[in-house]
Amino acid sequence: MEALLRNTTEEQKDITITIHDSNVRGSDLTMPINDLLYIEAQKNVVSVCYVKDGLPTSVEVHTTLMAVVEDLKDYGNIFQCHRSFVVNVNNITSARGNSNGYQLTLGTCSNTIPVSRSYVPRLKTYIA
């Protein structure tokens with residue numbers, strides 16, 4: 001798995017993504033795809049956790065998780081693992097759990113991300 005992720009990371013090193021803010025013009029968030037750790041839906045905003053200057057950073061963007069998933073659907077390493085979470089599988093450092101669900105650790109981020117039971121089979125295609 002590490003070799004696969006390393007290759008995917010290397011292939012995508014020059015790709016930048018943009019998460020569009022639906023409320024304010026000009027406040028879109030643009031970053032290299034490899035810096036994205038996860039995105040969490042929170043009421044009427046999403047919290048985007050990414051690496052900035054070597055440290056995990058979070059910023060809120062006024063949009064829906066469905067809009068973000070639609071914008072990033074062309075990238076195979078962006079994976080919706082829960083109804084409220086989307087992760088970049090290139091940054092998974094550990095996955096613990098069983099058929100009832102998993103907990104993911106991403107990069108240097110201290111938060112754990114849940115994986116719902118319905119998403120476990122697809123997760124296993126990434127980590128098996």
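Buried means under 20% relative accessible area and exposed over 50%, with partly exposed in between (1.4 Å probe, protein chains only). The model is predicted, so local features need pLDDT of at least 70 and side-chain atom pairs pLDDT 80 or more, while totals for chains, interfaces and linings use all residues. Residues are numbered from 1 along each chain as its sequence is written, and side-chain values use heavy atoms, without hydrogens and water.

Q: Why does aspartate 71 count as partly exposed?
A: Its relative accessibility is 40%, a value in between the limits for buried and exposed, so partly exposed is the class that applies. Aspartate 71 belongs to helix 2, residues 65-71.

Q: What makes the contact of glutamate 70 with lysine 73 a salt bridge?
A: The term requires a side-chain nitrogen of Lys or Arg within 4 Å of a carboxyl oxygen of Asp or Glu. Here the closest N and O atoms are 2.7 Å apart, so the pair qualifies. A search of the whole structure finds one salt bridge.

Q: Which classes do glutamate 70 and lysine 73 fall into, and why?
A: Glutamate 70 has 46% relative accessibility and therefore counts as partly exposed. Lysine 73, at 53%, passes the limit and so counts as exposed.

Q: How many helices and strands does the chain have, and in what pattern?
A: There are three helices and ten strands, in the pattern α-β-β-β-β-β-α-β-β-β-β-β-α along the sequence. The assignments are DSSP runs, H or I over at least four residues for helices and E over at least two for strands, numbered from the N terminus.

Q: How do you know that strand 8 and strand 9 pair?
A: Pairing needs at least two bridges found by DSSP, and these strands share six, in the antiparallel sense. Alanine 95, for example, stands opposite leucine 104 in strand 9.

Q: What makes strand 9 mostly covered?
A: Five of its six residues are buried.

Q: Why is the pair of tyrosine 38 and phenylalanine 85 called tilted?
A: Rings of Phe, Tyr and Trp (its six-membered ring) pair with centres within 6.5 Å; planes under 30 degrees apart are stacked, over 60 edge-to-face and the rest tilted. The centres are 6.1 Å apart and the planes 50°, so tilted is the class that remains. Tyrosine 38 is in strand 3 (residues 36-42) and phenylalanine 85 in strand 7 (residues 85-88), so the pair ties together parts 47 residues apart in sequence. Both residues are buried.

Q: Why is the pair of phenylalanine 79 and tyrosine 119 edge-to-face?
A: The ring centres are 6.4 Å apart and the planes stand at 85°, so the pair is edge-to-face. Phenylalanine 79 lies in strand 6 (residues 78-82) and tyrosine 119 in the loop between strand 10 and helix 3, 40 residues apart. Phenylalanine 79 has a relative accessible area of 0% and so is buried, while tyrosine 119, at 24%, is partly exposed.
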